[in-house]
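Biologist: I would like to learn how to read a model like this one. Please take me through it feature by feature.

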Amino acid sequence: MKLYIADTHFYAEKLNTELDNRGFSSAEEMNEYMIEKWNNKVRGGDIIIVLGDFIHTDEPKKINYILHKLKGKICLIQGNHDYIWMNKPGVDMDRFEWIKPYAEIDDHKSTLILSHYPTFCYNHQYQLKSDGSPQTYMLYGHVHNSHDEKLVNTFQEMTRQTTITVKKTGKERSIPCNMINCFCMFSDYTPLPLKEWIRLDSKRRESLKQQEE
């Protein structure tokens, strides 16, 4: 099974009081909670794709502690903070199945566009399945639950409300826009498979609409 999560920022002490306000008493407490949530979900053969900003320290001993504690096969879409530790001498880089700045993969008959950064006009965006359901999802991180995420949400709503004329049929349809922020706090720091992220994202967006009304 493939699971996804973004912006764990292991060891990022300041995120407990700034930006995310995660509320843990220390980076160590935060790390252990995230490790527990990860390992409670992941089975040995699972593939976990981290959508950037995985670890926030340059100390190999600390990095390896996290890498060896976590279950599963870890893949990484490189985030803007991952340069801090990547390829640092002494880091067990063999723990990763692969590391890429961007990827396109298949997951249970869906196409996934994977990027740390939200990509508004993503590849295969207009493709639908034969029943009219989404074929492609764009999974991202980077913006956490910040004002930038609110702007991304606004863009998505504007896109879905925009209609185009399909050349082959001459009929109008709305533009598909299926972007999911896999921010770790949205899932209580748990890597989730695509179906669970779709459900969680839908509930979160519905809740946001109700708050605005």
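Biologist: Which residues does L114 touch, not counting residues up to four places away in sequence?

Modeller: Some ground rules come before that. This is a predicted model, where local features need pLDDT of at least 70, side-chain atom pairs count only at pLDDT 80 or more, and totals for chains, interfaces and linings use all residues. Residues are numbered from 1 along each chain as its sequence is written, and side-chain values use heavy atoms, with hydrogens and water left out. Contact means heavy atoms within 4.5 Å. On that basis, L114 touches Y4, I49, L51, I77, Y102, A103, I105 and L139.

Biologist: Which residues have the most contacts inside the largest nonpolar core?

Modeller: In soluble globular proteins, nonpolar side chains tend to be buried together. A nonpolar core is a set of buried Ala, Val, Leu, Ile, Met, Phe, Trp, Tyr and Cys residues joined through side-chain atoms within 4.5 Å. Buried means under 20% relative accessible area, exposed over 50%, and partly exposed in between, with a 1.4 Å probe and protein chains only. Here the largest core has 45 residues, and Y4, F54, L114 and L139 have the most contacts inside it. Another core, of eight residues, lies apart from it; Y122, Y140, V143 and M179 are among its members.

Biologist: How many helices and strands does the protein have?

Modeller: Both are DSSP runs, numbered from the N terminus: helices are H or I, at least four residues, and strands are E, at least two. The protein has four helices and 10 strands. Along the sequence they run β-α-β-α-β-β-β-β-β-α-β-β-β-α.

Biologist: What radius of gyration does the protein have?

Modeller: The radius is taken over C-alpha atoms, and the globule rule is 2.2 Å times the number of residues to the power 0.38. For 213 residues, a compact globule would come near 17 Å; the protein has 18 Å, which agrees. Its C-alpha atoms fill a box of roughly 60 × 35 × 30 Å along the principal axes. Buried residues make up 47% of the 213. Of the contacts with a separation of 6 or more, 66% come from residues 24 or more positions apart.

Biologist: Where is H142 found, and is it buried or partly exposed?

Modeller: H142 lies in the loop between β7 (136-140) and α3 (147-160). H142 counts as partly exposed because its relative accessibility is 32%. Its phi is near 75°, a positive value in a residue other than glycine.

Biologist: What about Y189, buried or exposed?

Modeller: Y189 is buried, at 6% relative accessibility. Y189 sits in the loop between β10 (179-181) and α4 (194-212). Y189 is not a glycine, yet has a positive phi of about 65°.
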